[in-house]
Amino acid sequence: MLSNIPNATLKRLALYRRCFVELDEMRVRRIQSGELSQKIGIDSATIRRDFSYLGELGRQGYGYEVRVVLEAFNNLLKPGDAQRCILIGVGNLGRALVKYFSSDKFKRRLFRTPVNLVAGFDIDESLVGQHIGELPIYHLDNLSSYIEENHVTYVILAVPPFVAQKVATSLEGLGIKGILNLSSTVINVSEDILVHEVDLNMELETLFFYVFQREQLKK
C-alpha cells in the first residue's frame, strides 16, 4: 500500500500520526479537517487528499474519528512488530537522543512506535560496557556481529562527518533497511538501504530563508 503513496504525502505521514497519537492521549474522539488543518499547519484539501491513500477515514461534516485514523496508521506501520534500531555515535547529540528515548513521555508512546532503540555503539572506551539510561553501549568493533545476531534493521548515524561514510559502508550486506543520518554530511550506500538525511544546520538555515522570504513579502 505504501508503494502507491506519493513521496510528498509520505513525508507528512509521521506528522499526521504524531498529531493523532497526541489527540488520543488527550482522549479526543473526533476532529474536523479544519481543526486538524489549524493544528498542524497543512491545508484541509491536502489533508483530505493525503488521507484518501489510507482508505475512507472521514466523512464530510463529521470529520475524522481519532481511533479509526490511528488504526489505519497501525495497519501501515505495524507497531506491534517494532523493528530494532541502533545508535552509532554516542557523543553529545547521541546522548541527547538517548535521553529523549528514555523520557517518560517517549516510554508512554513506545508501544505506538514502529522502531525501538536497542543499543548504542561508540569507540570511546569510557562508554563501552556502560548504560546510558537503559541503553547498553558496545564497541564499534562489535557492530556487525550485533546486527546479525539481533536482527537490527534500522540505524541512527550520529558520528562525526569525516567517518560517516566509512561507518555507512560497513553496514552494507547486514540487512539494514534504513539509516537516519545525523552526521551533517551526505553518505552513499546501495539501493537496498534507504537514507533519510537530517542536517540540523541546514534545517536552521531553511527556517532562516522562510522567515526572510516572509519578511520580504510584507514590504
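Modeller: Happy to. Leu207 is found in helix α9, which covers residues 200-218; helices (H or I, at least four residues) and strands (E, at least two) are DSSP runs, numbered from the N terminus. Before going further, please keep in mind that this is a predicted model, in which local features need pLDDT of at least 70 and side-chain atom pairs count only at pLDDT 80 or more, while totals for chains, interfaces and linings use all residues. Residues are numbered from 1 along each chain as its sequence is written, and side-chain values use heavy atoms, with hydrogens and water left out.

Leu207 counts as partly exposed, because its relative accessibility is 49%; buried means under 20% relative accessible area, exposed over 50%, and partly exposed in between, with a 1.4 Å probe and protein chains only. Together with Leu204 and Val211, Leu207 forms a nonpolar surface patch that has about 270 Å² of accessible area. Such areas come from the Shrake-Rupley method with a 1.4 Å probe, and for residues only the protein chains shown count as cover. Patches are made of residues with over 30% relative accessible area and no salt bridge; like charges are joined within 9 Å, and nonpolar side chains (Val, Leu, Ile, Met, Phe, Trp, Tyr) within 5 Å. A salt bridge, in turn, is a side-chain nitrogen of Lys or Arg within 4 Å of a carboxyl oxygen of Asp or Glu.

Axes here are lines fitted to C-alpha atoms, for helices over the stretch in contact, and angles run from 0 to 180 degrees between N-to-C directions. Angles under 35 degrees count as roughly parallel, over 145 as roughly antiparallel, 65 to 115 as roughly perpendicular and the rest as oblique. On the α1 side, Leu15, Tyr16, Cys19, Phe20, Glu22 and Leu23 are in contact with Leu36, Lys39 and Ile40 of α2; contact means heavy atoms within 4.5 Å.

Helix α2 also packs on α3 (residues 44-52), at an angle of about 105° and with the axes 9 Å apart, so α2 is roughly perpendicular to α3. Here Ser33, Gly34, Leu36, Ser37 and Ile40 of α2 meet Ser44, Ile47, Arg48 and Phe51 of α3.

The remaining pairing is α1 with α3, whose axes are 11 Å apart at an angle of about 100°, so these helices are roughly perpendicular too. Thr9, Arg12, Tyr16 and Phe20 of α1 make this contact with Thr46, Ile47, Asp50 and Phe51 of α3.

Side chains of opposite charge can pair when their charged atoms come close. Arg12 and Asp50 meet in a salt bridge, at 2.6 Å from N to O. Because Arg12 lies in α1 and Asp50 in α3, the pair ties together parts that are 38 residues apart in sequence. Asp50 is buried, with a relative accessible area of 0%, whereas Arg12 is partly exposed at 21%.

The count for the model comes to two salt bridges. Another pair is Arg67 with Asp24, at 2.5 Å from N to O. This one links Arg67 in helix α4 to Asp24 in α1, 43 residues apart. Arg67 is exposed at 58% relative accessibility, while Asp24 is buried at 11%.

Val68 also belongs to α4 (residues 66-77) and is partly exposed at 33% relative accessibility. Val68 and Arg30 are 38 residues apart in sequence but 9.5 Å apart in space, C-alpha to C-alpha.

Arg27 sits in the loop between α1 and β1 (30-31) and has a positive phi of about 65° although it is not a glycine. Arg27 is exposed, with a relative accessible area of 76%.
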